Amino acid sequence: MKELAQIASAVQVSSTMAMDMLAKQMKADGVDVVGFGAGEPDFDTPSHIKAAAIQAISGNVTRYTPATGTAALKEAVCLRMREDCGLEYEPSQVVVTSGAKHCVYIALRAVVDPGDEVILPAPFWVSYLELIKMAGGRPVVVTAQESAGFKMTAEQLAAAVTPKTKALILNNPCNPTGMVYSEEELKAIARVCVEKDIYVISDEIYYGLLYDRVKWVSFASLGEDVKERTILINGVSKSYAMTGWRIGYLLSKDKIAKVMGNYLSNSTGSPSSISQAASVAALTGPQDCVEEMRRAFEERRNYIVKRVNSMEGVSCLKPEGAFYIMMNVEKQLGRVLYGEVIRSSDDFSAALLKRGLVAAVPGGGFGAPGFLRWSYAASLDSIKKGMDRLEEFLKG
């Protein structure tokens, strides 16, 4: 029997999904595990959004739509980008996909040829690395240190660019660190991208979840020469608690949008017509539900950061957006806990799950060995329970 495809065979399972599945299986087996793995809001989808989906089903809005999304949803995306980000896009420049992860893949397919290099700041969302390889590209990882707020500098970017560099993936606010690039930092990065003529795939899906009144700037807003090289990624999953609805969208100049649309038309076709109708309601309806969730996440962030930094031997920065912290466990490496030597964040995570009954994702998959990612998209009661267990676990 012939070998399977090399590119497909090299793809690794998502560490976040693996941890989430393991925790859910343990719960199903009756084990009282507290899970902090998946980046999924614990809130219900708001009622007016669900009502729009029910109305779509009742009205038989159940057929194929255009491959790049319905006209109504494209108009709604343009509206939300204009009101929230000060960005002007035409519906022809919007491409709707089956989730933001799908967006990243389609964007990479549109600009990356086999052998092209894609610069990826670390820590990074686990799927970016695999998606680059799936598109035939070569990831060039640039490590942003914790001491620099986990943010890549323009100087680091410039040093990583080669004649083979085709694109940069920029995630702001960032998963897994929750950190936010300032306008000046983005302008410096943008200057390098324009000078070196590289595309920027800017994943901004967490822009609705910002804390401490931090100022956020969309990368595409930094000028026309920047906008023409930028593919924006966004979606409804995080801000509207719609992860299972699977709607993401891309915004770019017409030429790029057309290429992405052609790719979609011959691969997945259109996303769910019902989910698109619900997404129109999300983007055009009342936005107070987003603010309600944002305030809850901010309260949870404050609590988890305070608890982690009160414990000996672990620490974390205070994130400015999204709903994650990166907990530094470097002081735990080499320590013996419950008869096991902790040699890596993977060992720490495994021991914490086994002995502490707490599921958090080791940082290796994010390009951040020595750290664990915790998602605080969980109830405050669950977070308190998890922190109590972590504190007890650290006593050894």
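Two strands are taken to pair if DSSP finds at least two bridges between them. In this predicted model, strand 6 (residues 199-203) and strand 7 meet that condition, with four bridges between them. The two strands run parallel. One of the contacts in this pairing links Ser202 to Leu232, its bridge partner in strand 7.

Strand 7 also pairs with strand 8, here in the antiparallel sense. Four bridges join strand 7 and strand 8. Leu232 takes part again: its bridge partner in strand 8 is Leu251.

Strand 7 is mostly covered, with six of its six residues buried. Thr230, Leu232 and Asn234 point one way from the strand. Ile231, Ile233 and Gly235 point the other way. Both sets are buried.

Helix 4 packs against this region. Its buried residues contact strand 7 (230-235) and strand 8 (248-251). They also pack against strand 2 (94-97) and helix 11 (273-284). The buried residues of helix 4 are Leu73, Lys74, Ala76, Val77, Cys78, Arg80, Met81 and Cys85. In an α-helix there are 3.6 residues a turn, so residues three or four places apart point the same way. The length of helix 4 was checked against its residue count. Helix 4 covers residues 71-85, which is 15 residues. At 1.5 Å a residue, the helix should span 21 Å, and its end C-alpha atoms are 21 Å apart, so the two values agree. Just after helix 4, Gly86 takes a positive phi of about 65°.

A separate open sheet is formed by four strands in the order 9-10-15-14. The pairing in this sheet is antiparallel. Strand 9 (315-316) and strand 14 (361-362) are its edge strands, and each pairs on one side only. Strand 14 is joined to strand 15 (residues 371-375) by two bridges, and these strands run antiparallel. Pro362 has Leu372 as its bridge partner in strand 15.

The largest pocket has a volume of about 490 Å³. It is lined by 25 residues, of which Met17, Gly39, Lys101, Trp125 and Lys238 are the closest to its centre. Helix 2 (15-28), helix 5 (100-111) and helix 6 (126-134) each supply at least two residues of this lining. Helix 2 gives the most, with four residues. By class, the pocket lining divides into nine nonpolar, eight polar and eight charged residues.

One cavity of 30 Å³ or more was found in the whole structure. The largest cavity has a volume of about 90 Å³. It is lined by 14 residues, and the closest to its centre are Pro121, Pro123, Asn171, Cys174 and Tyr181. Strand 3 (117-122) and strand 5 (165-171) each supply at least two residues of the cavity lining. The cavity lining has 12 nonpolar and two polar residues.

Notes:
Residues are numbered from 1 along each chain as its sequence is written. This is a predicted model: local features need pLDDT of at least 70, side-chain atom pairs count only at pLDDT 80 or more; totals for chains, interfaces and linings use all residues. Side-chain values use heavy atoms; hydrogens and water are left out. The expected span of a helix is 1.5 Å times one less than its number of residues. Buried means under 20% relative accessible area, exposed over 50%, partly exposed in between (1.4 Å probe, protein chains only). Contact means heavy atoms within 4.5 Å. On a 1 Å grid over the protein atoms alone, a cavity is a set of points where a 1.4 Å probe fits but cannot get out, and a pocket is an open set with protein on both sides within 12 Å along at least five of seven lines; lining residues have an atom within 4 Å of a point. Grid points are joined across faces, edges and corners, and a volume is the space filled by probe spheres set on the points. Ala, Val, Leu, Ile, Met, Phe, Trp, Tyr, Cys and Pro count as nonpolar, Asp, Glu, Lys and Arg as charged, and the others, Gly among them, as polar.
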